[in-house]
Amino acid sequence: MMHASLRPRPALSWLFLGVALAAPLAGCSRDATRYPSLAVRPAEKQGFAEPEVTPVVLKPDPALDSAIGDLSGRLDAIEAEFAKAHAQARTSAGKARGQAVGSEAWLTAQTELATLDEIRARTSAILAEIDDRAIARAAELLPDYPALVALRARTTEVIARQGSQIDTLAASLPTA
């Protein structure tokens with residue numbers, strides 16, 4: 001006699017057989033999702049070469065040339081003023097070396113450094129004016145103006161030099 005749990009069940013056997021036969025057919029079902037074509041697109045037929053660029057003809061701008069001359073003259077004057085104030089501040093910083101913080105010589109040197117900072121701030125204001133003019137040209141879709149670009153580079157260099165000189169003097173003074 002066969003034990004009840006080991007006896008085959010006909011309904012269960014048919015179920016397993018049906019699943020076993022249907023499983024391979026599941027891979028043949030059609031996907032209803034539409035995918036883009038893998039054919040060559042029109043943009044891919046054009047190639048990857050850089051397009052031809054026509055050079056922009058730079059037109060003289062007398063008003064901008066005048067403003068650049070004014071800004072350049074102001075920058076020259078500020079550079080001369082900074083050089084004179086830097087020499088005076090260097091002398092004051094030399095007198096303050098070895099003095100106590102808060103001494104008369106130290107306070108004088110600090111005042112001279114503040115003067116140098118104020119002059120550098122005016123140089124930065126010139127740079128801001130230059131940037132404003134460059135932004136206005138860009139807003140009108142005009143190309144860079146070489147004289148303005150050169151003045152900007154010069155002004156940036158002057159600001160960096162002034163900052164370096166101020167930092168050197170400040171580092172030479174006693175700190176609180």
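Is E157 buried, partly exposed or exposed? With a relative accessible area of 42%, E157 is partly exposed, a class that lies between buried (under 20% relative accessible area) and exposed (over 50%), as found with a 1.4 Å probe on the protein chains only.

## Basis of the model

This is a predicted model, in which local features need pLDDT of at least 70 and side-chain atom pairs count only at pLDDT 80 or more, while totals for chains, interfaces and linings use all residues. Residues are numbered from 1 along each chain as its sequence is written, and side-chain values use heavy atoms, with hydrogens and water left out.

## Overall build

The protein chain holds five helices and zero strands, where helices (H or I, at least four residues) and strands (E, at least two) are DSSP runs numbered from the N terminus. Followed along the sequence, the pattern is α-α-α-α-α.

Of the 176 residues in the protein chain, 21% count as buried. The accessible surface comes to about 13,000 Å², and 63% of it belongs to carbon and sulfur atoms; such areas come from the Shrake-Rupley method with a 1.4 Å probe, and for residues only the protein chains shown count as cover. Among the contacts (heavy atoms within 4.5 Å) with a separation of 6 or more, 81% are between residues 24 or more positions apart.

## Salt bridges between helices

A salt bridge here is a side-chain nitrogen of Lys or Arg within 4 Å of a carboxyl oxygen of Asp or Glu, and by this rule the count comes to eleven. In one of them the side chains of R122 and E81 meet at 2.7 Å, N to O. This pair links distant parts of the chain, since R122 belongs to helix α4 and E81 to helix α3, 41 residues apart. Both partners are partly exposed, R122 with a relative accessible area of 30% and E81 with 35%.

Another salt bridge brings together the side chains of D131 and R152, at 2.5 Å from N to O. Because D131 lies in helix α4 and R152 in helix α5 (residues 146–172), the pair ties together parts that are 21 residues apart in sequence. D131 counts as partly exposed at 21% relative accessibility, and R152 likewise counts as partly exposed, at 35%.

E157, the residue of the opening question, forms a salt bridge with R161, and their closest N and O atoms are 3.2 Å apart. E157 and R161 both lie in helix α5, four residues apart, which is about one turn of the helix. R161 counts as partly exposed, at 32% relative accessibility. Salt bridges that share partners join D76, E79, R154, E157 and R161 into one network.

## The largest pocket

The largest pocket has a volume of about 230 Å³. On a 1 Å grid over the protein atoms alone, a pocket is an open set of points where a 1.4 Å probe fits, with protein on both sides within 12 Å along at least five of seven lines, and lining residues have an atom within 4 Å of a point. Grid points are joined across faces, edges and corners, and the volume is the space filled by probe spheres set on the points.

The lining of the largest pocket consists of 13 residues, of which D61, L64, R137, E140 and L142 lie nearest its centre. The elements that give two or more residues to this lining are α3 (62–96) and α4 (104–139), and α4 gives the most, with three residues. By residue class, the lining divides into eight nonpolar, no polar and five charged residues; Ala, Val, Leu, Ile, Met, Phe, Trp, Tyr, Cys and Pro count as nonpolar, Asp, Glu, Lys and Arg as charged, and the others, Gly among them, as polar.
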